2 protein chains.
Amino acid sequence: MAVGEVFKGEVHPVAGVRLAAIESGIRYKNRLDLVLVEIEAGATVAGVFTQNAFCAAPVKVARKNLHDTDSRYFLINTGNANAGTGEQGALDALRCCQSVADIARVDIREVLPFSTGVIGERLPVEKIVAGIPLAFTSLDESSWEKAARGIMTTDTRPKLVSRRIDVEGESVSITGIAKGAGMIKPNMATMLAYVFTDAAIPRKQLKEILGRASDKSFNRITVDGDTSTNDCCMLVATGKSSVAVNAEIESAILGVFQELAVALIKDAEGASKFITVHVEQGANSKECLAVAYAVAESPLVKTALFASDPNWGRILAAVGRAGLEDLDIKAIEIRLGEVQLVSGGEVSASYTEALGQREMDRDEITLTICLGRGDSVETVWTSDLSLDYIRINADYRS
Amino acid sequence: MAVGEVFKGEVHPVAGVRLAAIESGIRYKNRLDLVLVEIEAGATVAGVFTQNAFCAAPVKVARKNLHDTDSRYFLINTGNANAGTGEQGALDALRCCQSVADIARVDIREVLPFSTGVIGERLPVEKIVAGIPLAFTSLDESSWEKAARGIMTTDTRPKLVSRRIDVEGESVSITGIAKGAGMIKPNMATMLAYVFTDAAIPRKQLKEILGRASDKSFNRITVDGDTSTNDCCMLVATGKSSVAVNAEIESAILGVFQELAVALIKDAEGASKFITVHVEQGANSKECLAVAYAVAESPLVKTALFASDPNWGRILAAVGRAGLEDLDIKAIEIRLGEVQLVSGGEVSASYTEALGQREMDRDEITLTICLGRGDSVETVWTSDLSLDYIRINADYRS
């Protein structure tokens with residue numbers, strides 16, 4: 001199940017980027033599971049990585065290689081996360097990189113490895129290395145949708161977002177792909193996401209833009225509060241458009257990031273609802289996020305959302321346990337869509353079950369919580385907790 | 001569904017305590033839903049209450065009354081939590097207390113109200129007040145099992161634990177009841193639990209013993225990470241045995257607390273497994289608890305436990321996101337029962353899926369996580385996350 005529609009707009013290639021997705025049989029037959037991305041020399045590359053202490057071998061290799069130099073190739077496999085695999089895992093990731101570097105005649109540090117899938121099993125290096133030559137011959141500028149499919153695991157549909165804007169008479173393309181449906185609560189980092197633009201953005205500035213954009217997109221989503229060992233988000237600027245970065249381009253990049261983040265949640269494991277938790281009037285950003293995540297991660301709130309039950313008591317209880325000091329219950333207002341649920345810490349005089357039910361029956365629901373103690377605002381996106389979430393995670397070794 | 005067996009030992013009355021449980025039709029017909037506990041004058045009483053900022057009206061009243069004087073009566077209703085009910089909720093709780101005080105001819109402050117059930121609906125005071133006279137005439141020393149049933153909500157079975165120990169030739173009884181199956185992560189407080197002893201314990205010391213005992217029992221359990229608005233735990237010492245408190249009695253009290261806490265988890269909503277998460281070799285208690293709760297509250301770990309899937313990668317990922325600084329993956333050891341799953345941050349050389357499966361198939365599972373960086377130890381108890389948890393919470397307005 002998934003909420004809403006997939007991206008249906010035009011996909012704009014990004015000059016200087018070619019992609020390929022092939023079947024290498026890593027875990028399943030007849031499944032795209034190996035993606036190669038080629039970036040022309042001269043591009044700048046920035047990345048953010050999982051804060052999980054047990055980050056996977058490819059994350060360590062990618063982080064180090066990116067620190068040393070701008071990247072020319074991304075090699076992404078599904079079916080195996082190469083996590084919890086110790087020293088052998090690092091050697092395996094490096095062998096895959098070496099295979100790409102040999103064919104492309106680049107330095108091994110110019111190749112970044114990414115893996116997603118089962119944790120704790122050895123990476124099937126031979127299958128990957130055997131597939132790399134075909135990946136090279138398949139590279140082209142238009143394989144975005146195929147690449148988006150090639151990085152899917154429990155995702156039920158590809159996540160691909162593309163925009164083109166005109167800047168001073170020149171057009172700039174921003175196109176990105178992402179994957180991830182469970183084990184999602186990025187912590188100062190993100191899921192697997194790759195966004196490319198042909199704008200020209202110096203490396204230092206690219207890193208800053210990536211930090212701001214991921215902070216307001218992938219770092220504001222949660223499915224189950226679990227941070228993966230393999231989260232990565234990469235931003236690449238090829239500079240081929242000869243347009244220098246400006247505020248408008250940064251804003252468009254943020255837009256692509258947010259659309260991809262929302263697409264992840266709409267296809268979250270078992271999701272039947274897409275929930276926006278909007279916290280207003282907080283004393284600071286930190287307490288707004290504490291409240292937003294307490295609500296967005298409450299299994300009781302999430303099952304009530306699954307059941308379309310306007311059980312506002314569970315929302316109130318979640319706000320109350322968020323750990324805010326001196327929270328004045330009488331200042332609290334909670335809205336479900338446009339309907340006021342709670343004011344003054346108790347059920348609103350204008351509220352009726354019928355009004356609440358009408359809002360709850362929608363596929364996309366916004367919960368607004370006003371704290372009445374400041375000007376800070378934060379938004380977090382999440383999904384409901386459904387029977388299918390349990391079925392998927394009880395049945396699938398991911 | 002529930003794990004293991006209910007308490008089957010002898011139930012020891014506590015001299016100075018009488019109980020009654022009656023049907024007052026608060027939410028359902030033909031259901032025990034109102035419990036009255038009478039404590040003889042001269043007893044000491046201590047209580048700990050929820051830290052949820054939106055604590056319910058009866059919690060506020062009980063906390064204040066207990067501060068003013070030792071209590072003579074507990075009045076406990078199910079079916080309605082009297083939470084999120086504003087000023088009216090406080091008035092309603094006081095009206096119930098006044099009704100008890102009038103019949104018993106005690107000060108209203110000697111009556112403590114407790115409510116559990118649906119949040120945000122007005123307490124049906126008339127039904128409760130109408131039932132109180134029958135509750136008084138039904139009071140007796142042996143109605144423990146009935147009282148344990150009378151405080152149940154989504155619990156599938158009563159929680160009752162009783163012990164008798166001999167101290168210097170005199171016998172001391174400790175008997176307690178508790179309820180709670182969901183919205184369970186007490187935060188420096190507990191669920192509804194009432195423990196009574198006929199030992200003599202001065203008020204100040206009773207409070208300290210309650211703090212230590214609840215900290216190592218009800219404050220070490222989690223079902224879904226949700227802290228209720230109505231959690232309370234009361235400890236009463238009637239002094240009728242003429243035995244003064246000593247270390248042995250405190251240890252027996254802790255034992256009763258822990259047995260009740262374990263009983264809550266074994267009957268947690270949808271529980272098919274009882275899980276003990278044991279963290280060893282931490283630098284301090286705080287980091288042991290951070291790791292224990294990260295594992296015990298991970299939906300992915302909990303669904304793997306439901307599926308009896310020895311998916312150790314999910315456990316490792318949860319440990320890795322617990323937020324410990326400078327965690328050395330190579331020092332980590334994880335055991336499932338007696339089977340070593342992980343050592344040196346990767347799968348143990350001696351581990352086989354068959355060994356893991358054998359441990360996972362059990363109803364009661366102990367996960368041990370050794371951090372290799374100190375001497376601190378903490379234990380947390382939890383349940384799995386099952387299809388029935390979702391069904392119960394999607395179907396039931398609690």
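The model is predicted. In it, the contact draws on 52 residues from chain A and 52 residues from chain B. The area buried between the two chains is about 4,400 Å².

**The interface as a whole**
- The size of an interface is often given as the accessible area lost when the parts come together.
- Here, carbon and sulfur atoms give 60% of the area buried between chain A and chain B.

**Links across the interface**
- The rule finds two salt bridges between chain A and chain B.
- One of them joins A:K330 to B:E87, with the closest N and O atoms 3.0 Å apart.

**What chain A brings**
- On the side of chain A that touches chain B, at least two residues each come from α2 (86-104), α8, α9, β14 (346-347) and α11 of chain A.
- Helix α9(A) gives the most to this side, with seven residues.
- Sorted by class, this side of chain A has 23 nonpolar, 18 polar and eleven charged residues.

**Helix α11 of chain B**
- In this helix (residues 387-395), the buried residues are B:L387, B:Y389, B:I390, B:N393 and B:A394.
- These residues lie on the same side of α11(B), because they cover an arc of only 160° around the axis.
- Their cover includes α8 (299-306), α9 (312-320) and α11 (387-395) of chain A, along with α8 (299-306) of chain B.

Key
Residues are numbered from 1 along each chain as its sequence is written. Chains are lettered from A and ligands numbered from 1 in the order in which they are written. This is a predicted model: local features need pLDDT of at least 70, side-chain atom pairs count only at pLDDT 80 or more; totals for chains, interfaces and linings use all residues. Side-chain values use heavy atoms; hydrogens and water are left out. Buried means under 20% relative accessible area, exposed over 50%, partly exposed in between (1.4 Å probe, protein chains only). Helices (H or I, at least four residues) and strands (E, at least two) are DSSP runs, numbered from the N terminus. The arc is that of the directions from the helix axis to the C-beta atoms. Contact means heavy atoms within 4.5 Å. Buried area is the accessible area (1.4 Å probe) that two parts lose on being put together, summed over both. A salt bridge is a side-chain nitrogen of Lys or Arg within 4 Å of a carboxyl oxygen of Asp or Glu. Ala, Val, Leu, Ile, Met, Phe, Trp, Tyr, Cys and Pro count as nonpolar, Asp, Glu, Lys and Arg as charged, and the others, Gly among them, as polar.
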